[in-house]
Amino acid sequence: EKLELWKQGAEARIYKCSYMGRPALVKERFEKKYRHPELDRKMRNQRTLAEVRAILKCRKLGLDSPVIFHVDFQRSAIVMEAVDG
């Protein structure tokens, strides 16, 4: 669906969108040109996986956390529920 750039930091861009009719965000870690391509890919995927695991752990503990809809390791992207706050 249509992605609208919402925020950008040093590691990732966050886009607003909808996922199956629900408000969502896509956090996409972008490539760093100064890193070796293989090292960069591995680092982005490891950080994406660590973030997904941390969010899921928070949800298991009953903490308010976004629902993870989809993880795309080709793009180092997480599609998650848009939450207020």
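Here is a short walk through this structure, from its sheet to its core and its rings. The model is predicted, so local features need pLDDT of at least 70 and side-chain atom pairs count only at pLDDT 80 or more, while totals for chains, interfaces and linings use all residues. Residues are numbered from 1 along each chain as its sequence is written, and side-chain values use heavy atoms, with hydrogens and water left out.

Let's start with the strands, which are DSSP runs (E, at least two residues) numbered from the N terminus. Here 5 strands form an open sheet in the order β1-β2-β3-β5-β4, with antiparallel pairing; two strands pair if DSSP finds at least two bridges between them. β1 (4-8) and β4 (68-72) stand at the edges with a single partner strand each, so one side of each has no neighbour in the sheet. On average, neighbouring strands are turned by 25° against each other, direction ignored (the axes are lines fitted to C-alpha atoms, and angles run from 0 to 180 degrees between N-to-C directions). Now look at one pairing: 5 bridges join β3 (residues 22-29) to β5 (residues 77-81). The bridge partner of E28 in β5 is A77.

A77 also takes us to the largest nonpolar core, whose 7 residues are Y15, C17, A24, V26, F69, A77 and V79. Such a core is a set of buried Ala, Val, Leu, Ile, Met, Phe, Trp, Tyr and Cys residues joined through side-chain atoms within 4.5 Å. Buried means under 20% relative accessible area, exposed over 50%, and partly exposed in between (1.4 Å probe, protein chains only). β2 (12-19), β3 and β5 each supply at least two residues of this core. A second, separate core has 6 residues, including L25, I68, I78 and M80. In soluble globular proteins, nonpolar side chains tend to be buried together.

Next come the rings. Rings of Phe, Tyr and Trp (its six-membered ring) pair if their centres lie within 6.5 Å; planes under 30 degrees apart count as stacked, over 60 as edge-to-face and the rest as tilted. The whole structure holds 1 aromatic pair. Y19 and F69 have ring centres 5.1 Å apart and planes at 10°, so this pair is stacked. Because Y19 lies in β2 and F69 in β4, the pair ties together parts that are 50 residues apart in sequence. Y19 counts as partly exposed, at 26% relative accessibility, whereas F69, at 19%, counts as buried.

Technical notes:
Helix = DSSP H or I, 4+ residues; strand = E, 2+ residues; numbered from the N terminus.
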